Amino acid sequence: MSLVWKLLRQHISVPQFAGFFFANLFGVLIVLSGFQFYRDVLPVFTAEDSFMKSDYIIVNKKIGTAGTLSGRDNTFNRAEIDELAARKFVNRVGQFTSTAYKVDASMGVSGTRVVNSELFFESIPDAFVDVPLKDWHYTPGEHVVPIILPRSYITMYNFGFAQSHALPKISDGLVGMIDLDIFISGNGHQDQFKGKVIGFSGRLNSILVPQSFMDWSNRRYAPDTEPAPHRLIIEVGNPADENIAKYMDSKGYDVEDGNLNAEKTTYFLRMMVSMVVIVGLIISALSFYILMLSIYLLVQKNASKLENLLLLGYSPSRVALPYQLLTVTLNASVLVIVWIALYFIRSYYMGIIETLFPDIEDGSIVPAVGFGLLLFAGVSLLNLWVVRRKIMRIWHRKD
């Protein structure tokens, strides 16, 4: 083998092999990075809301310029609600109830005031909230109110305020860190309550309180008003039923379908990652061609000497071994460097993702490692076969 290696070294083209190495490095890095990024980000779009079932949709009336100028009301009346409830695709309908009084709130985390603002609460029937009744109930006279916050609120806090003020980031498991003071006034009453945040919802853009608290507080602080619902929550048998969209369009209703948006986003994410992976595979294929061309030229330059070695009794496997070791070593070096680079790349983007979505699963780099091993095995086996085939052609004096 040492004699064959000496022959091999005489005609090695460093630029050619360097070109293969860096082209293959770049291509494999693109492929594995795209694959790993897709797996890490996918849970963001496919995770179900922890407080609302997937077969719930939220409906409101479209707000247009003409309606705004004419002062037309965008609330639902009793007849419209009954008509919607009578549709075959609807199992049950619930109303969003809003506060008719003034609410001020002060939110803090770990003793630091984060925001002081005027807010408004909404409620939906308890049957539509997937929370144990003991955690989602209010008894008149209590000063602690269960609350579900929009996930967008906590995302803004984690990504903005927490980073700039060196405060801890909040996830669903750390809701107890949120200190929420609520001040309500109306009808000659002024009271203070403590908000108990029990979690976050990605499908609601308002602060949710139990229906029992909403009914009691509206009677106490705004007894002469009965706000009509601006939004409805509907349980449907099949969210993909085309009759839902047809009916909503005919009535001029808007549907807040978080699941549909997530499916669209997931589709485009999958399409973009596929395009990136295809580009990486093309670059890797071109680098493989460069390597094979370099090996072919190397073997061709040594053809007469290799033929003499074969005539002296060296087996084709022994003659091909140095060339095969060279290709496998280059492929293995590329894979190891890509794994190291991928580790740091993933650490960087996962830090951003976990800031925006604290409850996302940590995931693992193991799938990318396994995928890389499959690529390495496939390419290396093909390299070994091509080199052996070239040596066998010399052995049979076909060149």
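Trainee: Is Glu-235 buried or exposed?
Mentor: Buried means under 20% relative accessible area, exposed over 50%, and partly exposed in between (1.4 Å probe, protein chains only). Glu-235 has a relative accessible area of 15%, so Glu-235 is buried. This is a predicted model: local features need pLDDT of at least 70, side-chain atom pairs count only at pLDDT 80 or more, and totals for chains, interfaces and linings use all residues. Residues are numbered from 1 along each chain as its sequence is written, and side-chain values use heavy atoms, leaving out hydrogens and water.

Trainee: Which residue meets Glu-235 in a salt bridge?
Mentor: Side chains of opposite charge can pair when their charged atoms come close. A salt bridge is a side-chain nitrogen of Lys or Arg within 4 Å of a carboxyl oxygen of Asp or Glu. Here the partner is Arg-92, at 2.4 Å from N to O. Arg-92 sits in strand E2 and Glu-235 in strand E11, so the pair ties together parts 143 residues apart in sequence. Strands (E, at least two residues) and helices (H or I, at least four) are DSSP runs, numbered from the N terminus.

Trainee: How many salt bridges does the whole structure have?
Mentor: A search finds nine. One of them joins Arg-346 and Asp-40, with the closest N and O atoms 2.8 Å apart. Arg-346 belongs to helix H10 and Asp-40 to helix H2, so this pair links parts 306 residues apart in sequence. Asp-40 is buried, at 4% relative accessibility.
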